[in-house]
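Thank you all for coming.

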Amino acid sequence: MTSENLPVVVIAGRPNVGKSTLFNRLVGRRQAIVSDMPGVTRDRKEGEALLRGRRVRLIDTAGLEEAAPDTLYGRMRASSESAVAMADLVLFCIDARSGITPADAHFASWLRRQNRPVLLIANKAEGQAGTNAALEAYSLGLGTPLALSAEHGEGIADLMGEIAERLPPAEKPRRREAPKPEGEEGEDERPAGPLRLAIIGRPNAGKSTLLNCLLGEERMITGPEAGLTRDSIAVTLHDEHGEIRLVDTAGMRKRARVEQHLERMSVSASIEALKMAEVVVLVIDATLGVHEQDLQIGRLIEREGRACVIALNKWDAVEDRNATKKAILDRLEISLAQVRGIPVVTFSALTGAGVYRLLPAVREVYEIWNSRVSTGELNRWFEDALERHQPPLVDGRRLKLRYMTQVKARPPTFLLFGTRAEQLPDSYKRYLVNGLRETFHMPGVPVRLQLRGTKNPYAEK
């Protein structure tokens, strides 16, 4: 059963009642950012949870607040309301220590009109005093409140049982093929499942707008304010070639400018999303050109061994497009030479113009990232490369490079054997890597070259 077919459980409530803490507790890991500051969650956060043998699609939402539709808090509330509209069960959270507030009463009344099953959660009900305070929640008219403490894990087992009982009947599981024995599958073979794609970039580059454009819906909260996205948000997209798991991330500023603890957590979540991805789309504001921070992010993508596509957003606002694109390509060629030939796509996420070119570029670089070269073909090229440019002298002696083989893909990784091969200068390694990239068509992906020297059997031990 895919995540789209799982029963949907939505956690709702006013800000700072512990919704994200409860979400993390139910999914079994620290997936959502948690802070004492109210209003940390802005976009819907989804995850899968196993509750009493039932797999569910769990959604953490922004705090429900009264606000005008065109404001940030109004857009956050609209996102939360759309999540409630598709819920099979709503977990309505209140803060037992604070008692029932007018906002709790208002949104409880609104929930009763939504015709959705609701389970009332009195969170932060640690100890006997908290349990007694939770009894006040009967006044909301949503049934018996369940007192618990998400932070301390009290009452979570009872909550899982209540959720499982209130969900629709489970579908019969389909018969699955027996898994392959451990070790039968190569470590660089493509894993089953969707292509994992992360959208990375500086704040206000248009990452969330791009994700909304790809999905065809207002899934992420967007606006002129920089830094709206605070957590990494994963969604699923289907195209004609299959399933893609998209992750929108918070903007990444220079480390020296990251001061607040919340922003440090946001950047850490973005880096973690990058590490889990297979392909990364680096979104750049084309009206501002390539910033040094964009290059730093590009170098991080290369160090992590991920395939990359450069996305020049806001292309509709660029006046001299030819000069702008040439300047950006020249900067990338000089400053990101380690991923030479990286694909560049221009578009406007706001209007949708040119966005259709992005996913084909992602699929193409993904195929390159997975590519393999036969040993015979590789060594024929290697012999020609040695003839064109002999290895340099090291300590007055020439290195004897013997043969090369590809040891893995994802990214393409090659192993070079030879006498004292580990002493090969960086300049000659770059010569070989650039030759591999050009000859075997590997633009835009990291190419790794590992060296292994041969032992002299007559050397003294």
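Predicted model: local features only at pLDDT ≥ 70, side-chain atom pairs only at ≥ 80, totals over all residues.

The side chains of D95 and K124 are joined by a polar contact of 3.4 Å, where a polar contact is a pair of N or O atoms within 3.5 Å, one able to donate a hydrogen and the other to accept it within protein, with residues adjacent in sequence counted only if both atoms are side-chain atoms. The side chain of D95 also reaches the backbone nitrogen of R97, at 2.9 Å. Residues are numbered from 1 along each chain as its sequence is written, and side-chain values use heavy atoms, with hydrogens and water left out.

D95 lies in strand β4, residues 89-95, strands being DSSP runs of E with at least two residues and helices runs of H or I with at least four, numbered from the N terminus. Is D95 buried or exposed? D95 has a relative accessible area of 6% and is therefore buried, since buried means under 20%, exposed over 50% and partly exposed in between, with a 1.4 Å probe and protein chains only. Not counting residues up to four places away in sequence, D95 touches R14, N16, V17, N123 and K124, contact meaning heavy atoms within 4.5 Å.

Let me move to strand β5, residues 118-123, which holds L120. L120 is buried, with a relative accessible area of 0%, and its C-alpha atom is separated by 6.0 Å from that of L91, 29 residues apart along the chain. Leaving aside neighbours within four places in sequence, the contacts of L120 include F92, I94, A137 and L140.

N115 is exposed, at 67% relative accessible area. K314, in the loop between β11 and α9 (321-335), likewise is not a glycine and has a positive phi, of about 60 degrees, but K314 is partly exposed, at 25%. As for peptide bonds, the one from R410 to P411 is cis, with omega near 0 degrees, and P411 is found in the loop between β15 (400-408) and β16 (413-419).

Next, helix α6, residues 207-215, whose buried residues are K207, S208, L210, L211, N212 and L214. These buried residues pack against β7 (195-201), β8 (233-239), β9 (242-248), β10 (279-285) and α10 (358-369). The helix is followed by G216, whose phi is positive, near 75 degrees.

Which residues line the second largest cavity? They are L282, G298, I301, R306, C308, I310, L336, V339 and I342, and the elements giving two or more residues to this lining are α8 (292-303) and β11 (307-313). A cavity here is a set of points, on a 1 Å grid over the protein atoms alone, where a 1.4 Å probe fits but cannot get out, and lining residues have an atom within 4 Å of a point.

To finish with the whole protein, the secondary structure comes to 12 helices and 17 strands, and of the 461 residues, 52% count as buried.

Note on methods:
1 Å grid on protein atoms, 1.4 Å probe; cavity = no way out; pocket = protein on both sides within 12 Å on 5 of 7 lines; lining within 4 Å.
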